[in-house]
Amino acid sequence: MFETPAYAARSAAQPLEPFTLERREPGSHDVSIDIMYCGVCHSDIHQVRDEWGAGIFPMVPGHEIIGRIGQVGSDVKTFAVGDLAGVGCMVDSCRQCAPCQEGHEQFCERGASMTYNGTLMDRYTPTYGGYSTRVVVDAAFTLKIPSGLDPAGAAPLLCAGVTTYSPLRQWNCKKGDRVGVIGLGGLGHMAVKLAASMGAEVTVLSTSQDKEADALRLGAQAFASTRDDSSFRRLRSHFDLIIDTVSAPHDYNRYLSLLRPFGAMVLLGIPPEPSPLSAGALVMGNRKLAGSLIGGIAETQEVLDYCAEHGVVSDVEIIPIAQINTAYERMIRGDVRYRFVIDISSLK
Ligand code: NAP
Ligand code: ZN
Ligand code: ZN
């Protein structure tokens, strides 16, 4: 075991503070990564505050990890010391069940090992995330970062990127499709960039009027304020696909009315409380309501390679770790342009 400086929450009622955690020495299948950057996802806030149920404390969040390989286990052939590498939302799974075999490790029948607020597959050893200087991960769950991608801008691809890319692919987003993106935050701005790169005609649906210019710069063709009722009248039955990235409770029925017949709305945001759903909102127009959870390991590599090919990275605001609690408050207010990324050198 070795010690790693980190930031942790000691309980759901406390802010994050400096913490030292113990990690395993790399085994024969593992790599050790010296972390350079870690993105800040709204899921970090939900979990650190027990908004999705009781978490495992102390909790070291962070599942958008980029760094350089520091050590490789004797059986690892896929990475060499000095390579740029990434870790997303999962660090292991059973690898044998049908979902694992099909590349959907996030649906492992035994439950995947999440990068933090989880346990290893022994169901006993807690996992700790990327708000720390080093991580030890099985090479099979480590991603290759293509050259040409800026490391800080690429970190959010490991969650926000794959989480938005996956439903766009599942729902066959293509040239000319009308795609609505609800919420222009970390996931939302990646959904805009990726859908635009696939040729879709993107509209941002946002509570923040002052994000209009950014929405257009990011690749959207249009912006609609959801604080303005006339937006809902104007865009009625307009969209083929709506990607909902909102982190707080909101009225799904209103947004469903913006789908054309047979259109689909995919929920990515996971608000802490449920929201009522009116059957009529779906029945009147054969509309579909779906959800999507991150993506598998192969799909995460696919989005990284896709982004390198299409010149897509996240728009980031780099912060020192000491600003993490303020960054959380800003995210809750919708004030992130458009992903906070922690410079982990501020922790060393
Ligand atoms: P974020 O950066 O904080 O963005 C969320 C955006 O939602 C805000 O910027 C804001 O956009 C909008 N919003 C916030 N509060 C709102 C409210 N009360 N009413 C309406 N709109 C509101 O968060 P994120 O990191 O993108 O994550 C978004 C959600 O996705 C979270 O719930 C997170 O846990 C979840 N998530 C899910 C997956 C998955 O696998 N499905 C993966 C990662 C994250 P505007 O200012 O434009 O309105
Ligand atoms: Zn995330
Ligand atoms: Zn499995």
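Which residues does Ile324 touch, not counting residues up to four places away in sequence? In this predicted model, the partners of Ile324 are Tyr7, Leu16, Val40, Tyr131, Ile319 and Ile342, once residues up to four places away in sequence are left out.

At least three residues come from each of domain 1 (2-158 + 315-346) and domain 2 (161-291). As background, nonpolar side chains tend to be buried together in soluble globular proteins.

## A separate core

## The zinc site

Now for the metal. Three residues coordinate the zinc ion (ligand 2): Cys41 through SG, His63 through NE2 and Cys159 through SG, at 2.0 to 2.3 Å. Along the sequence, these donor residues follow the spacing C-x21-H-x95-C.

Cys41 sits in the loop between strand E3 (30-39) and helix H1 (42-48), while Cys159 belongs to the loop between helix H3 (151-154) and helix H4 (160-170), so the pair ties together parts that are 118 residues apart in sequence. Are these two cysteines buried or exposed? Cys41 has a relative accessible area of 3%, so this residue is buried, and Cys159, at 4% relative accessibility, counts as buried too. The cut-off behind both calls is a relative accessible area under 20%.

Note on methods:
Residues numbered from 1 in each chain as written. Chains lettered and ligands numbered in written order. Predicted model: local features only at pLDDT ≥ 70, side-chain atom pairs only at ≥ 80, totals over all residues. Heavy atoms only, no water. Domains from an automatic or database assignment. Contact = heavy atoms within 4.5 Å. Donors = N, O, S within 2.8 Å, 3.2 Å for Na, K, Ca; no water. Helix = DSSP H or I, 4+ residues; strand = E, 2+ residues; numbered from the N terminus. Buried < 20%, exposed > 50% of the residue type's maximum accessible area, 1.4 Å probe, protein only.
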